[in-house]
Structure formats: structure tokens, C-alpha cells
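Dear colleague,

I am passing a structure on to you below, followed by some notes on its contents. Please read the notes with the coordinates open beside them.

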Amino acid sequence: MENPFQYGKVVSDPYFTDREEELKSLVQDVAAKHNVVLYSPRRFGKTSLLLKLANSMKDKGYNVLYLDFFRITSRAGFIELYAREIFKQSGKSWKPMLKKFASLVKGIRPVVSLDAMGVPSFSVSFETVEITQQTMESVLNLTENITPGKQWLVIFDEFQEITKLNGDGFENIMRAVIQHHQRSNYIFSGSSYHLLLEIFSRPGRAMYQFGKIMKLGKIPHEMMEEFIINRFAQTDVQISQELAREMVTRAGNIPNYVQYLAAELWQLALQSKHKPDINMLDKAVGGMLINLSDYFQQIMDSLSIHQKKVLVALSKDNVKVFSQEYHRTHHLGAISTTQRAVQKLVAEQLISPSDNGYEFGDPLFLLYLRSRINL
Ligand SMILES: Nc1ncnc2c1ncn2[C@@H]1O[C@H](COP(=O)(O)OP(=O)(O)O)[C@@H](O)[C@H]1O
Ligand SMILES: [Mg+2]
């Protein structure tokens with residue numbers, strides 16, 4: 001039997017729940033021609049939501065271009081992928097599109113090869129080594145003029161990665177071109193709040209206030225519980241409301257973790273032929289922690305000694321962090337050093353300010369730290 005839960009990848013129905021309000025609001029923004037900056041920490045469900053939005057907009061007659069900046073490592077790579085995505089929209093009528101493409105873009109030539117079934121695959125060849133501004137501009141303008149009368153939704157996912165493509169220059173060209181667009185709407189999505197704010201909220205930066213910032217939150221606790229109970233039920237496994245609630249809590253209600261934990265629990269129930277219970281949940285959390293430990297170790301390796309020390313202290317005790325007493329108890333040096341470390345940990349989204357101190361964004365990372373301290 002197939003596991004009724006999916007994690008670590010983009011999900012759609014029946015692995016997708018809720019997000020109705022968010023979807024509605026995004027559809028309205030696109031229809032009203034507002035550009036949107038969509039932010040959440042990684043694995044909250046941005047890409048899944050955006051692909052759902054893409055389908056809604058296609059149903060409304062839009063062409064949709066989706067581009068993941070994690071796949072792009074150079075300007076040439078951007079042009080190549082962008083052009084290919086444009087071309088994909090043409091479907092069967094690719095021949096006239098090809099002609100038009102060639103007349104509109106400067107400095108690159110489209111290349112089409114057909115496979116044995118006659119299905120075209122598209123690439124570009126560059127006429128010069130240096131990619132000129134004119135080439136960039138003509139490519140970015142394609143959505144405006146290659147399909148007369150058609151509206152486009154352009155989704156740039158993990159957009160903060162643009163800062164690695166010799167940032168400012170790229171952003172300048174992009175803003176200069178797309179601010180004039182009438183038929184193309186943009187969504188910039190990303191998982192680094194810190195970098196997105198740099199790009200969109202710092203005066204003087206090219207993309208300053210270019211879009212309305214929308215923060216994607218968690219799915220309400222009860223909806224997640226209901227989703228879990230229903231998915232278990234669809235494979236004839238019963239799970240109590242209490243256990244479902246406990247599971248969502250242990251996963252910090254982070255959508256990816258909830259489904260990850262649910263998948264582990266479902267597997268354990270299947271193997272043992274028992275109804276899921278709290279012991280099984282403990283075991284599932286333990287298994288997940290082992291699987292995630294390499295990833296958590298990598299995060300630790302990326303921090304300075306002092307940042308690590310502060311993080312470990314916070315995993316034991318997270319109030320009155322800047323007091324003398326806290327520093328004595330946890331053997332931390334100067335308070336100003338701790339302040340800098342905390343700033344960095346907040347920027348990295350490992351911790352965030354809470355009512356009376358700091359809290360961990362990732363409950364499993366917290367468990368990981370605690371389990372290592374007790375070794
Ligand atoms: N609407 C949703 N309902 C249920 N689970 C979801 C939903 N959105 C995301 N998830 C869970 O989170 C995981 C990561 O989703 P993804 O869209 O890749 O997030 P992001 O793009 O924010 O990193 C999915 O594999 C799934 O387990
Ligand atoms: Mg994503």
C-alpha cells in the first residue's frame with residue numbers, strides 16, 4: 001500500500017490541504033496586476049501553493065512561467081531557462097512562436113531539435129560570449145510581445161538567489177524592464193526573509209518596494225490534524241484526535257515535518273500491524289531525528305564557535321539571555337558578543353524573538369541539540 005503522506009517535494013491534491021485564503025488573495029493580486037513578494041521559511045509550502053496558483057491562472061486563460069532560481073547559476077543559465085519556459089507555452093503551435101522568438105530576441109538564436117516522436121525540445125545558442133544588456137532586455141520583454149493580447153504570470157521562486165548572480169546589475173536590468181510591463185505580473189518567492197528584505201525593502205536597492213510583501217504562515221493546527229486523520233483513514237488506519245494533535249505539535253506544525261512524521265508513523269503502524277499510539281510516535285520522532293542529523297550537523301558546522309555556544313545555551317534556557325547571570329551560568333564571554341551571535345542566529349532563521357526570550361523555529365533542531373548535549 002502506498003504511503004498517504006508526502007514530504008520534501010512539491011505536493012498537490014490529495015497531499016495538499018487548506019491554503020484557500022492565501023490562494024484567493026494571490027489570485028486577486030494577480031488579477032489586479034499587483035506584484036507580490038511571497039515569503040516563508042523553507043518547507044512551509046510556498047512552491048506547492050504557487051503551482052496551485054499557476055493552475056488556477058492557466059484556467060483563467062493566463063500563460064504561466066515558473067522559474068526556480070536555485071537552478072540558475074549564471075546569466076546565460078537564466079536566459080536559457082527563461083526562454084525555454086516561454087517556448088513551452090506555445091504547445092503545438094511552436095513553429096510560428098519560433099519565428100517570432102527569433103525576431104524579438106537579440107544576441108541569441110533559438111535551436112529546436114525534434115525527438116523520434118516529433119516532440120520539440122528547445123535550447124538557445126549565444127552569438128557572443130559576453131551577454132549584453134540588450135539580450136537580457138529582449139528576453140525579459142518576451143512575455144509582453146510574443147503572444148499579443150495574452151496575460152502572463154511570471155513566478156520567480158527562491159528569488160533571493162539572484163543576489164549570487166552578481167546581484168545589483170541583474171536586479172537593475174530586471175526592474176528597468178519589467179516595471180513597464182502591462183501584460184506580465186510577477187511573484188517573487190523566497191525562503192530567506194533577511195535577503196528578500198534586503199532586495200525589496202532597502203531604499204536605494206533596484207527592486208525597492210516593487211511588490212507587496214505577503215508572509216505565508218503555518219496551516220491552522222486543527223486543519224492539519226483533520227488532514228492527518230483523513231489521510232490515515234483513507235488507508236484504513238485509525239488515529240485518534242489526541243495523537244494527531246500531539247503529532248502536529250511535535251512537528252512544530254511545519255507542514256513538511258507534519259507529513260514527514262505522519263509518513264514515518266504510518267509506516268510503523270503498517271509494519272507492526274498495530275494502531276498508532278504515543279510510543280509509536282516517540283519512535284517515529286526518533287527515526288526522523290536520525291535522518292535529519294546530517295542536515296543539522298551541517299548547520300552547526302556553518303556557525304562560529306561563539307554562535308554554537310549561544311545556540312546550545314538557548315536550547316537549555318531561553319530567557320534573560322543578555323543578563324550577567326545567564327552569561328555566568330552558560331560560560332559565555334562578553335554580552336556584546338552574545339548580542340552579535342543572537343543577531344546572526346535570528347538572521348539565519350534558526351531562532352526568533354518570543355514573548356520573553358528566543359525560541360527555535362525548528363522543534364527538531366532543538367531536540368537534536370538537546371540530545372547531543374546529553375550524550
Ligand atoms: N498545503 C499543504 N498541505 C499539506 N502539506 C503541505 C502543504 N504545503 C506543503 N506541504 C508539505 O510541505 C512540504 C514542502 O512543501 P514545498 O511547497 O516544497 O515548501 P517550500 O516551497 O516552502 O519549501 C511538502 O512536501 C508537504 O509535505
Ligand atoms: Mg520551494
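**Notes on the strands and the ligand**

Strand S3 (residues 108-114) and strand S4 (residues 120-126) run antiparallel to one another and are joined by seven bridges, where strands are DSSP runs of E with at least two residues, helices are runs of H or I with at least four residues, both numbered from the N terminus, and two strands pair if DSSP finds at least two bridges between them. Within this pair, Arg109 is placed opposite Ser125 of S4, and in the hairpin, which has five residues between the strands, Gly118 adopts a positive phi near 85°.

As to conventions, this is a predicted model, in which local features need pLDDT of at least 70 and side-chain atom pairs count only at pLDDT 80 or more, while totals for chains, interfaces and linings use all residues. Residues are numbered from 1 along each chain as its sequence is written, chains are lettered from A and ligands numbered from 1 in the order in which they are written, and side-chain values use heavy atoms, with hydrogens and water left out.

There is also an open sheet of five strands, with parallel pairing in the order S2-S5-S6-S1-S7. Strand S2 (63-68) and strand S7 (212-215) each have a single partner strand and stand at the edges, so one side of each has no neighbour in the sheet. Strand S1 (residues 36-39) pairs with S7 in the parallel sense over four bridges, and Val37 has Ile213 in S7 as its bridge partner. Helix H8 (residues 193-201) lies across S1, strand S6 (184-190) and S7, at about 165° to S1, with contact taken as heavy atoms within 4.5 Å, and with axes fitted to C-alpha atoms, for helices over the stretch in contact, and angles from 0 to 180 degrees between N-to-C directions.

Turning to the ligand, 20 residues surround ligand 1, and the closest are Gln6, Lys9, Arg43, Ser48 and Gln259, a residue being near if one of its heavy atoms lies within 4 Å. Helix H2 (46-59) and helix H11 (255-272) each supply at least two residues of this shell. Polar backbone atoms approach ligand 1 at Gly8, 3.2 Å from an oxygen atom of the ligand, and at Thr17, 2.9 Å from a nitrogen atom of the ligand, while a backbone N or O atom of Lys46 lies 2.8 Å from a ligand oxygen atom. The protein covers 98% of the 560 Å² of accessible area that ligand 1 has on its own, by the Shrake-Rupley method with a 1.4 Å probe.

How values were computed
Polar contact = N/O pair within 3.5 Å; in protein donor to acceptor, adjacent residues only side chain to side chain.
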